[in-house]
Structures are given as structure tokens and as C-alpha cells.
Amino acid sequence: MGAPLPVIELLGVEKSFGAVDVLKGVDFAVEPGKVTALVGDNGAGKSTLIKGLAGIQPYDKGIVKFDGKEISIESPRLAASLGIEVVYQDLALCDNLDIVQNMFLGREEVYRGTLNESAMEKKASQTLAGLSVKTVKSVRQKVERLSGGQRQTVAIARAVLRDTKVVILDEPTAALGVAQTEQVLALVKRLADKGVAVIMISHNLVDVFAVADKIYVLYLGKMVAALDAKTTNQNDIVGYITGTKSAQMGNK
Amino acid sequence: MSTTNNTIGTGYEGNIREQISGYFLKVKSGDMGSLPAMIGLIVLAILFSIMSPVFLTSLNFANLFNQAAALIVMAMGLVFVLILAEIDLSAGVTAGVSAAMLVIGLNAELHWTLAIAIAVVSGVVIGYFIGIIVAKVGIPSFVVTLACFLAFQGLQLLIIGSGGLYRIESSEILAIQNSNLSIVQGWIFYLVSMLLLTYSGFAARRRRSRNGQPNRPITFLYVKIAVAGVLGLVLVAALNLERSSNKAFPIHGVPIVVPVVLALWVFCTFILDRTKFGRYVYALGGNPEAARRAGIQVNNVKIAVFTICSTLAAISGIISASRIGSVDASMGRTMVLSGIAAAVVGGVSLFGGKGRLSQAVIGGFVIAIIDNGLGLMGFNAGINLLITGGVLLLAASADAISRKRGNVVVR
């Protein structure tokens with residue numbers, strides 16, 4: 001079918017903090033409509049890689065391509081304008097606000113100087129419905145009344161409210177129970193089905209194998225494996241994560 | 001993308017019965033709003049009506065509004081900072097300093113509007129200063145405003161002079177609390193208010209249906225208009241009764257301060273409920289980190305909130321100066337505590353993120369009615385303070401418990 005062009009492509013990306021080299025020439029590619037998992041042990045450089053994509057900590061060296069064009073993502077604002085959204089582990093939701101208010105926080109729609117509540121309400125329901133979310137009863141519920149899975153859903157829905165191309169999910173299932181994890185993973189799949197490029201960071205390999213099309217493994221600042229999820233298994237991945245299996249790029 | 005059949009509701013659907021049961025569910029889960037204070041207010045009013053023959057006279061009724069006005073305005077300002085989970089201990093002294101600036105303006109033979117402007121601007125400057133220190137330097141507002149509480153007492157003392165007292169001669173300033181609308185003006189005020197309420201109710205529905213969003217059953221709007229209509233009718237009619245025992249000096253009509261406070265309430269509620277800024281205030285009170293990440297200029301919102309609080313405190317100072325008829329060096333010192341009490345009794349959360357101006361109004365009336373009723377029954381100030389303190393503790397407990405309960409709900 002011909003591999004689609006990657007939305008984001010990193011080539012030989014490096015980042016260091018003082019004397020510590022955190023990223024040592026990392027290659028990474030994310031395709032639209034696919035779930036790309038990024039795994040690795042603590043300190044492997046996952047967060048640093050993501051912060052570079054989000055524009056929080058730009059890389060020191062290397063090539064960043066977005067839609068095939070070479071750019072440098074220098075600020076969170078630029079990342080957002082490119083259509084890159086990050087859903088952090090702590091979700092950053094305001095408990096005292098309702099779902100609509102949270103989804104539009106910081107980008108409210110205004111009509112003649114006042115908040116256009118019903119327009120925002122409509123778009124919020126449409127976005128949630130478009131993601132086939134059925135567990136939420138009303139978009140006017142306060143977030144404090146929602147379950148962990150529902151909160152995650154709201155945070156993800158907020159990320160795709162606009163014309164989003166890339167959604168980065170940081171440990172989306174870490175704090176969830178079994179049923180809620182399933183809901184969120186289903187949502188992640190639907191997101192990719194809608195054509196969004198999804199990057200999922202996770203420690204949970206069961207979850208990774210449940211949704212990922214491609215799995216990248218970082219080990220001490222190097223990308224040691226880029227594997228097709230269908231042709232690999234958990235043991236291999238664990239081997240790469242812990243460093244007992246040696247680097248072998250390719251296998252694309 | 002999606003088909004038009006939304007599976008997710010908005011809370012606006014459902015018939016009257018479903019809507020009412022939805023409301024009770026909300027109350028049961030701990031989201032009581034101003035309901036307890038409302039019930040408290042009604043119970044107190046009934047209690048005092050039975051126990052004191054004077055309580056239910058039109059003279060005392062008008063008096064209650066005069067008594068509560070300054071407190072309510074101060075409490076409204078404090079609601080803004082309380083939503084941020086901050087505090088302004090200096091609001092009372094700010095009221096005092098602003099009132100002192102008012103008399104300085106008046107004594108300099110300035111026009112009364114100019115004198116009011118000077119007082120209000122003093123409030124703006126003080127609030128901006130507090131906001132800058134809290135937001136930019138990062139000192140907790142408790143400490144900053146405690147320092148201001150002390151320092152501005154000194155400022156007030158320096159302006160007025162120790163033991164000094166300035167009488168207010170300006171009839172316009174005195175009129176705020178001591179003059180009334182004429183009977184006809186009172187009814188015009190009633191009609192205009194009702195028209196605005198009706199218009200805004202229907203406009204809100206029209207906006208929703210224009211965007212294809214459902215509305216609550218229209219009966220609710222009719223009931224709301226009817227209840228407000230009857231209450232307003234009783235209120236204006238009662239205030240229009242003759243309340244002077246001396247036929248030569250008739251006193252009747254709605255005190256001027258009533259439309260003043262109502263206008264402030266409507267305006268500030270509009271800011272909180274209908275503007276981006278208001279939304280950011282609540283967001284910042286709920287989760288500062290989320291607000292920051294959403295791109296909200298957190299410091300600017302904080303500075304604006306402290307400025308609004310001190311500005312309303314200044315207006316409260318003008319209103320109490322008008323009532324007392326003079327300004328002395330200790331004015332306003334204790335009022336801030338009553339203001340905080342009023343907000344909390346009304347249902348504003350001390351934990352931030354929650355609070356409405358209507359709650360400050362209801363809470364202000366609760367505090368004022370306790371003061372008024374107990375005073376009429378001849379209790380001394382000691383009993384009064386004891387009971388007010390007890391009510392505050394009760395309200396704060398309700399807040400804390402409802403928070404706990406809210407956290408256990410379906411997780």
C-alpha cells in the first residue's frame with residue numbers, strides 16, 4: 001500500500017544537560033493513523049524526547065522534519081500551532097470546571113465579547129461523540145465527579161478538539177483500573193483510526209501490545225529498536241529495555 | 001464525522017421532573033451552593049419576626065438593607081480572592097483608607113464625583129500593589145495582606161490624625177445611604193430590573209437554540225421570573241411604606257444604596273460568568289498548573305483579582321462612610337472579618353475554585369440579620385459575636401464536609 005509519509009521524523013537528535021548526554025543521536029518517525037509506542041526504562045530519555053517535540057526543551061542537534069519539511073520546534077506555542085498536543089500524566093484538568101470548560105480552557109470561543117457557551121458545548125459533545133465516547137453522561141458534569149478513565153478521556157478529547165495531527169500520551173493508563181484501561185486504549189485506537197498520529201509512552205507492555213502499530217525502544221539515550229508490533233513479542237521488548245538485547249535498528 | 005444523534009447529554013435535557021431530580025442528586029452529592037445559607041436566612045427571619053415586634057416593621061426592613069450594603073460589597077470583592085484560594089486581610093483597612101481619601105477630596109472642595117473617583121482609585125492602586133507583590137514576588141497573600149493591614153492602618157492614622165474624625169458634609173455622599181428613591185422611582189426601578197431579567201432569560205434560551213443546543217423546560221424560566229417578580233414586588237412595596245413616626249418628616253422609598261449594590265452585583269456576576277477573565281479566575285482557583293499550561297497569564301489574572309477586591313473594598317468604604325456620616329482612623333478595621341464570614345456563610349469555599357457573588361449577598365444578609373435581630377432583642381454585642389462566630393464555624397464545616405463527600409463519589 002506504500003508507507004505513508006511520516007508526520008514527524010527525527011534524525012540524529014541530540015540533547016544534553018551540562019555534562020550529561022540524555023539523547024545521543026536518536027532517530028524516530030511517527031506516521032499518521034498509527035499508534036507509535038515509545039518504551040524504555042526510567043532515565044532512558046523518553047521525557048526529553050517528548051519535551052523536544054512539545055517545544056518545551058528544543059533539541060541541541062539533529063534534524064526535525066514535520067510533514068517532510070525541516071523545522072525546529074522552539075516553543076510550546078509553535079508545537080500547538082503545528083497541531084502537536086501533549087496529554088501529560090497528571091492531565092492538568094480543573095476539577096471545579098465542567099467538561100466543556102476544561103476542553104476549551106485557554107481557547108474559549110467568544111461571541112460579542114462574552115463566552116459562547118452553547119457553541120463550545122456543541123463542539124465538545126461532537127468531539128466526544130466523534131471519538132465514540134459513551135461513558136460520559138453529560139458534558140456539563142464537573143470534572144471532579146468523573147472517574148479516572150473519564151478524566152483521561154476528557155484530556156484526550158481536549159487534545160483533539162482542534163485540527164490535531166499528533167497526540168502524545170504520557171502514561172495514559174498508569175493510574176487506571178482494568179475496565180477503565182480498556183476504555184482508554186479503545187479510545188487511543190479510535191484516535192489513530194481518525195488519522196491522528198498517536199505517540200504513546202508507557203511502561204505497561206500489555207497495553208503497548210494492545211494498541212501499538214510500531215514500538216520504539218530507548219535505552220540510555222539511544223534508540224535501540226524500532227519494531228513492528230506484529231512481528232515482535234514482549235520478551236524481545238523487555239530485552240531491549242533492560243539492555244540484555246543489543247541494538248538493531250531497522251526491521252521496518 | 002459524527003452523526004447528529006449525540007449520545008452525550010448537556011444536563012439541559014429532560015422534562016421538569018427529571019430536571020428537579022437531577023438538582024436533588026446534585027445537592028445530595030454535596031454541591032449545595034447557597035442553599036444552606038438561604039434556608040438559614042429564612043429561618044432567622046421567621047425567628048426574629050416572632051421574637052421581636054420591631055423586626056418586621058418597614059423601618060427595620062429598610063434599616064437592614066442599609067446595614068448590610070457595605071458588608072455585601074466588601075464580601076463580593078473577597079469572593080474574587082477566595083475563588084483563587086487567596087485571602088485579603090487588608091480589605092477593611094483599604095475601605096478605611098479609601099474613605100479617608102474621600103473626605104480629603106471633599107474637604108479640598110472637590111466635586112463629590114471627583115472625591116468618589118479619588119477614593120475608588122485609591123482602592124485600585126492598593127489592590128494593584130498587593131497583586132504585584134503576591135503574583136510577582138510570590139509571598140503568600142496572607143502575609144502580604146497582613147502587612148498591608150498593619151501598614152494601611154498607619155496610613156489611615158497619618159491621613160486622619162490620631163483621634164481625629166472627619167464629618168461628611170456632602171449631601172450627595174450622605175444620600176447614598178440616607179436618601180431614598182421616590183415611590184414612582186422605586187416602581188420604575190422594579191420594572192426595569194424585571195424587564196432586564198426577563199430579557200436576559202429569553203436571550204440565553206435563544207442563544208442556545210440558535211446553536212442547536214437543548215434548553216431546559218421553559219416553565220423554569222417562568223417560575224424564576226414569577227418568583228423574582230413577587231419578591232421584588234413585596235420588597236419595593238414594603239420599602240415604599242411610610243416608615244417615619246413623625247408626619248412632618250416622611251421617610252419612604254427604596255434606599256438609593258439598593259440599586260447601587262444591585263448594579264455592582266449584576267456587573268461583577270457578568271464578569272465572572274460570561275467573560276474569559278471570569279473563566280480564568282475559576283480555572284486558576286481550581287488548578288493553577290492546569291491554568292498555566294492552558295496558556296493563561298496566571299500573574300495577570302491574580303493582579304486583576306486583587307485589584308477588583310480592593311476596588312470593591314473602596315466602594316464599600318464609601319458606602320459605610322455615607323452611613324456613619326463620618327470617617328475616623330479606625331474605620332473598616334474589623335469589617336474585613338465580617339466580609340470573609342459573609343462570603344463563607346453564603347457558601348463560598350475557602351479551598352478555592354468555588355464561589356458566587358450571590359452567595360456573598362446572601363451571606364451578607366445572614367450576618368446583618370443576626371446583628372440586627374439580636375440587637376433589637378436587646379442582646380449585647382458579646383452574644384452577637386458568639387452567635388456569628390458559631391454560624392461561621394457551621395458554614396465552614398459544611399464546606400469542608402461537602403468537599404470530603406464530593407471526593408468519595410464514584411471514582
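Helix α5 (residues 148–159) of chain A lies across β6 and β9 of chain A and runs at about 170° to β6(A). The model is predicted. A further helix, α6 (residues 178–193) of chain A, lies across β3 (35–40), β9 and β10 (197–201) of chain A. The angle between α6(A) and β10(A) is about 150°.

These strands belong to an open sheet of six strands in chain A, with the order β6-β9-β10-β3-β11-β12 and mixed pairing. β6 (84–87) and β12 (222–228) of chain A are the edge strands, each pairing on one side only. From one strand to the next, the twist averages 20°. β6(A) and β9 (residues 166–170) of chain A run parallel and are joined by four bridges. E85(A) stands opposite V167(A) in β9(A).

Chain A also contacts chain B. The contact takes 42 residues from chain A and 40 residues from chain B. About 3400 Å² is buried between the two chains, and carbon and sulfur atoms give 51% of this area. Four salt bridges are found across the interface. One of them links E117(A) to R279(B), with the closest N and O atoms 2.5 Å apart.

On the side of chain B that touches chain A, α8 (183–210), α10 (257–274), α11 (276–286) and α12 (288–293) of chain B each supply at least two residues. α11(B) gives the most, with seven residues. The residues of this side of chain B comprise 13 nonpolar, 16 polar and 11 charged.

Notes
Residues are numbered from 1 along each chain as its sequence is written. Chains are lettered from A and ligands numbered from 1 in the order in which they are written. This is a predicted model: local features need pLDDT of at least 70, side-chain atom pairs count only at pLDDT 80 or more; totals for chains, interfaces and linings use all residues. Side-chain values use heavy atoms; hydrogens and water are left out. Contact means heavy atoms within 4.5 Å. Buried area is the accessible area (1.4 Å probe) that two parts lose on being put together, summed over both. A salt bridge is a side-chain nitrogen of Lys or Arg within 4 Å of a carboxyl oxygen of Asp or Glu. Ala, Val, Leu, Ile, Met, Phe, Trp, Tyr, Cys and Pro count as nonpolar, Asp, Glu, Lys and Arg as charged, and the others, Gly among them, as polar. Two strands pair if DSSP finds at least two bridges between them. Axes are lines fitted to C-alpha atoms, for helices over the stretch in contact, and angles run from 0 to 180 degrees between N-to-C directions.
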